[in-house]
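This briefing covers a domain interface and a ligand site. The structure comes before the points.

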Amino acid sequence: MPATIILGSQWGDEGKGKLVDRLAEQATWVVRFQGGNNAGHTVVLGDQVLKFHLLPSGITRKECNLILGDGMVIDPWVLDTELKGWEESSGEDPSGDRLFVSERAHIILPYHRYMDSLDKKIGTTGRGIGPTYADKINRIGLRFGDLAEVIDDSHWASSTAERMNAALEAVGSKDRVNASDLASEVKWIFERYQSAIAPTGVMLDNALKLGERVILEGAQGCLLDIDQGTYPFVTSSVTSRGNATHGAGIHPGHVDEVIGITKAYITRVGNGGMPTELEDEIGHHLGTIGHEFGTTTGRKRRCGWFDAVVMRHAQRINGFTGLALTKLDVLGGLEEIKICVAYELDGKEIHEMPSSATALERCKPIYVSTPGFPAHSLDEWLDIAKAANRDGKGINALPAAAQNYIRQLEGLLGVPVTSVGVGPDRDATIDLV
Ligand code: IMP
């Protein structure tokens, strides 16, 4: 059975968690392959709102195995807190039973958080992501699989603390790392996760050979990709399709489906250009009705119209086989909906995103507009979605103007929309195929 990749196609926060949670019902494995607790997923189960930063969204399906894969950077203390929270609400500790941590995944230590806290330019989440990836690329990082070799090595602790303190001093930080604290920390990490640390790529390869279904769950979005995003205002990992299998430790031939999660409008947190950003009452409408506040940092997300230039870029990089359009309900009540189809840059019309961050700041959106559709309450949308799926109505369950909007997006991007989200509830999603 092949693997499915779920990716954010914009600047993150498109609602991947909800889709993965739905698809996990038919999957045996859900795998994170990059990033760390800079991500945030919200899953709504009736009255229960669950927020995860590291645990894959498939956690809520008890028959689903979970992997924190090779390409990730993992804060062991955050993972511990999430696991305790899950155990309190479900009575289950999945570590080593159905949750496995790759021996190749890198560890976020307090030092990495100290370094990240100095960021003033990018607007990072401050979780130590960039500094941990920097150590990985510098080949001085600490991986889960290396813990056994360093726990009783006092020379490792003292030389590592010395190196870290020199780096902290060099950048003007007042924080310092104590060698004996570091030694106890790595001992605790080893003991806490010993049963869960595993050769997860091999496990997945075996599972695929046995015909089991695997979901590769992306974090962040295409425009935050270190290579293909709006550099330097990006995260420090490859968030795109090319890294999904690589970061999971399997080959790309396993993949048959790549779903791009796409908000019906666009949002961004942190700094950097965003041509369709709206700082008016429509932006306020999107932010308020869409509850656009970061799951990880609580920061207000910047909101704007759907940007087809961004999406064409994401499509070129990822080759989505389908788009899951989310939060369509949030557009309800707007008289007119705009879609950005091109940019004007220094007096010229362009159809591709510029690679330069300063050029992107100067881009002005060129819009087409389409009629809006009425607002409904979340309960009404949920009823519409349930009835649509029950009766197989698909897109016809939606108001005509909403259908028209979706068809325009498909036409502009050349990719079918395979589902439409109309509310936060697990069941508030209409399947179109
Ligand atoms: P970092 O990943 O913490 O280094 O942050 C780098 C940039 O990526 C900042 O602009 C963050 O706001 C953004 N970012 C990181 N993770 C997410 C996410 O899950 N959703 C949206 N933006 C994110």
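**Ligand shell and domain contact**

Sorted by class, the shell around the ligand holds six nonpolar, seven polar and two charged residues. The model is predicted. Domain 1 (104-196) and domain 2 (262-431) each supply at least three residues of the shell around the ligand.

**Ligand site**

- The ligand is surrounded by 15 residues. Asp13, Asn38, Thr125, Thr235 and Arg299 are the closest of them.
- In threonine 125, a polar side-chain atom lies 2.6 Å from an oxygen atom of the ligand.
- Arginine 299 places an N or O atom of its side chain 2.9 Å from an oxygen atom of the ligand.
- With glycine 123 the backbone is involved: one of its N or O atoms lies 3.5 Å from an oxygen atom of the ligand.
- The protein buries 97% of the 470 Å² that the ligand exposes when taken alone.

**Domain layout**

- The domain assignment of the chain gives two entries, domain 1 at 104-196 and domain 2 at 262-431.
- Taken over C-alpha atoms, the centres of domain 1 and domain 2 are 39 Å apart.

**Interface between the domains**

- Contact between the domains involves six residues of domain 1 and five residues of domain 2.
- About 390 Å² is buried between domain 1 and domain 2, and carbon and sulfur atoms give 38% of that area.
- Within domain 1, the residues that lose the most area to domain 2 are Gly123, Thr125 and Arg127, which together make up 70% of what that side buries.
- Between domain 1 and domain 2 there are three residue pairs in polar contact, with both residues at pLDDT 80 or more.
- The count of salt bridges between domain 1 and domain 2 is zero.
- The side of domain 1 that touches domain 2 consists, by class, of one nonpolar, three polar and two charged residues.

Definitions and conventions: Residues numbered from 1 in each chain as written. Heavy atoms only, no water. Domains from an automatic or database assignment. Contact = heavy atoms within 4.5 Å. Buried area = accessible area lost by both parts, 1.4 Å probe. Salt bridge = Lys/Arg side-chain N within 4 Å of Asp/Glu carboxyl O. Polar contact = N/O pair within 3.5 Å; in protein donor to acceptor, adjacent residues only side chain to side chain. Nonpolar A, V, L, I, M, F, W, Y, C, P; charged D, E, K, R; others polar. Near = heavy atom within 4 Å. Areas by Shrake-Rupley, 256 points an atom, 1.4 Å probe, with all protein chains shown as cover.
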